[in-house]
Amino acid sequence: MQRDASRARLASGLVGFSLKQSVNAILKEGRGSADAAFARQVAMYMVYVTFGVSLSRVATAFGRDRSTVAYACHQIEDRRDDPSFDEWLDDLDRALREAADLEEPAWTRCLSA
C-alpha cells in the first residue's frame with residue numbers, strides 16, 4: 001500500500017501545482033476549501049485512471065471512503081465532455097506517466113501509427 005500512497009502524493013503534487021493547491025491541502029482530512037476538494041477529486045481520478053489502482057485502494061491512499069472516490073471519478077469523467085478540460089487531463093496523464101516512468105497507454109500508440 002506504500003506504492004499507492006506514493007502515487008497519491010505524486011498525483012496530488014502535480015494536480016496541486018497545476019491548480020495552485022498545496023499537497024497538504026489536497027491530502028488533509030476533511031473536505032477543506034472547494035478548490036482543494038476539486039483538486040483532490042482530480043488527483044483521485046488520476047490515480048484511478050493513470051495508474052489503474054482500484055477504487056478501494058485509491059480510497060485508502062487518500063484516507064477516504066470508496067464511495068467518495070467513485071463519486072469523484074464520476075464528477076471528473078462527466079466534465080471530460082469539455083474539450084479544454086479533457087485536454088488538461090490528458091496533459092496531466094502524460095506528465096504523471098513520465099514522472100512515474102510508465103509506458104504510454106497502448107491506445108495512444110495506435111493513434112501515432
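Five salt bridges (a side-chain nitrogen of Lys or Arg within 4 Å of a carboxyl oxygen of Asp or Glu) are found in a search of the whole structure. The model is predicted: local features need pLDDT of at least 70, side-chain atom pairs count only at pLDDT 80 or more, and totals for chains, interfaces and linings use all residues. Residues are numbered from 1 along each chain as its sequence is written, and side-chain values use heavy atoms, with hydrogens and water left out.

Asp 4 pairs with Arg 57, with the closest N and O atoms 2.8 Å apart. Asp 4 lies in helix H1 (residues 2-19) and Arg 57 in helix H4 (residues 55-62), so the bridge ties together parts 53 residues apart in sequence. Helices are DSSP runs (H or I, at least four residues), numbered from the N terminus. Asp 4 is buried, at 3% relative accessible area. Arg 57 is partly exposed, at 35%. Buried means under 20% relative accessible area, exposed over 50%, and partly exposed in between (1.4 Å probe, protein chains only).

Helix H6 (residues 83-99) holds Arg 94 and Asp 91, three residues apart, or about one helical turn. Their closest N and O atoms are 2.4 Å apart in a salt bridge. Arg 94 is partly exposed, at 48%, and so is Asp 91, at 36%. Arg 97 and Asp 93 also lie in helix H6, four residues apart. Their salt bridge has its closest N and O atoms 3.1 Å apart. Both residues, Arg 97 and Asp 93, are buried. Salt bridges with shared partners join Arg 80, Asp 86 and Asp 90 into one network.

Notes
Helix = DSSP H or I, 4+ residues; strand = E, 2+ residues; numbered from the N terminus.
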